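Please read it alongside the sequence and the structure.

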Amino acid sequence: MATRSKSSQRWLKEHFSDPYVKKAQAEGMRSRAAYKLEELVARDRLLKPGMVVVDLGAAPGGWSQYVRQALGDTGRVVAMDILEMPPLAGVEFLHGDFREAGVLSQLEAMLNGQPVDLVLSDMAPNKSGMDAVDQPRAMYLAELAMDFADGHLRPGGAFLIKLFQGVGFDDYVREMRKRYDKVAIRKPDASRKRSPEVYALGQGKRPQPH
């Protein structure tokens with residue numbers, strides 16, 4: 001068997017000694033990412049019973065699972081991902097690539113004109129390890145998520161998205177500030193310190209000029 005690289009050994013060691021991984025295993029959560037969302041949501045009290053929530057880039061389902069539990073039997077959780085996701089009770093899942101128009105129209109059909117209260121995006125491209133390739137891909141997905149929120153989020157709604165700091169990041173946050181009354185950049189404790197990921201939260205969506 002090939003020996004593991006130093007970085008993958010370090011990742012495995014970090015992963016298995018990670019308190020959030022242990023917590024996820026103990027509590028039956030699908031991923032440690034649920035705790036990032038829990039922290040982000042609790043701070044701003046984003047979830048309220050009866051909400052319609054769309055989770056973009058949902059697999060393996062940690063965020064959708066947490067939202068469904070938080071909403072109880074009320075509201076809707078609509079999740080989508082390019083990867084398959086094992087079913088979660090009370091979560092409607094669409095398997096497809098968000099970059100494709102056909103998949104987007106399927107998502108729109110599922111919503112059936114129902115305004116969305118909260119759009120979550122934990123989407124990230126497959127990493128090549130080259131910033132010059134990965135960052136534009138990540139920003140492209142982020143642009144698509146913002147367009148989706150523009151079109152489907154009700155006025156006053158909220159948009160929470162994972163972003164990677166780098167080229168295009170500042171411009172993106174500037175665009176968010178035009179669309180939302182309040183924009184904050186957050187780095188939850190459950191996000192690994194070395195990771196360039198941060199979360200941008202837009203609250204109080206403004207009506208779009210037509």
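Is Y199 buried or exposed? At 0% relative accessibility, Y199 is buried; buried means under 20% relative accessible area, exposed over 50%, and partly exposed in between, with a 1.4 Å probe and protein chains only. The model is predicted: local features need pLDDT of at least 70 and side-chain atom pairs count only at pLDDT 80 or more, while totals for chains, interfaces and linings use all residues. Residues are numbered from 1 along each chain as its sequence is written, and side-chain values use heavy atoms, with hydrogens and water left out.

**Sheet and helices**

- Seven strands form an open sheet with mixed pairing, in the order β3-β2-β1-β4-β5-β7-β6.
- Helices (H or I, at least four residues) and strands (E, at least two) are DSSP runs, numbered from the N terminus, and two strands pair if DSSP finds at least two bridges between them.
- The edge strands β3 and β6 (180-186) each pair on one side only.
- Five bridges join β4 (residues 116-121) to β5 (residues 153-164) in the parallel sense, and S121 has I161 in β5 as its bridge partner.
- Helix α7 (residues 169-179) lies across β5, β6 and β7, at about 145° to β6; axes are lines fitted to C-alpha atoms, for helices over the stretch in contact (heavy atoms within 4.5 Å), and angles run from 0 to 180 degrees between N-to-C directions.

**Nonpolar cores**

- The largest nonpolar core has 33 residues, and L56, F159, I161, L163, Y172 and M176 have the most contacts inside it.
- Helix α6 (residues 131-152) gives the most to this core, with eight residues.
- A nonpolar core is a set of buried Ala, Val, Leu, Ile, Met, Phe, Trp, Tyr and Cys residues joined through side-chain atoms within 4.5 Å.
- A second, separate core has 25 residues, among them M51, A58, V77 and L118.

**Aromatic pairs**

- There are three aromatic pairs, counted where ring centres of Phe, Tyr and Trp (its six-membered ring) lie within 6.5 Å; planes under 30 degrees apart are stacked, over 60 edge-to-face and the rest tilted.
- W63 and Y199 form a tilted pair, at 5.8 Å centre to centre and 40° between the planes.
- W63 is in helix α4 (residues 62-71) and Y199 in strand β7 (residues 197-205), so this pair ties together parts 136 residues apart in sequence.
- W63 is buried, at 2% relative accessible area.
- F98 and F148 have ring centres 6.0 Å apart and planes at 75°, so they pair edge-to-face.
- Both F98 and F148 are buried.
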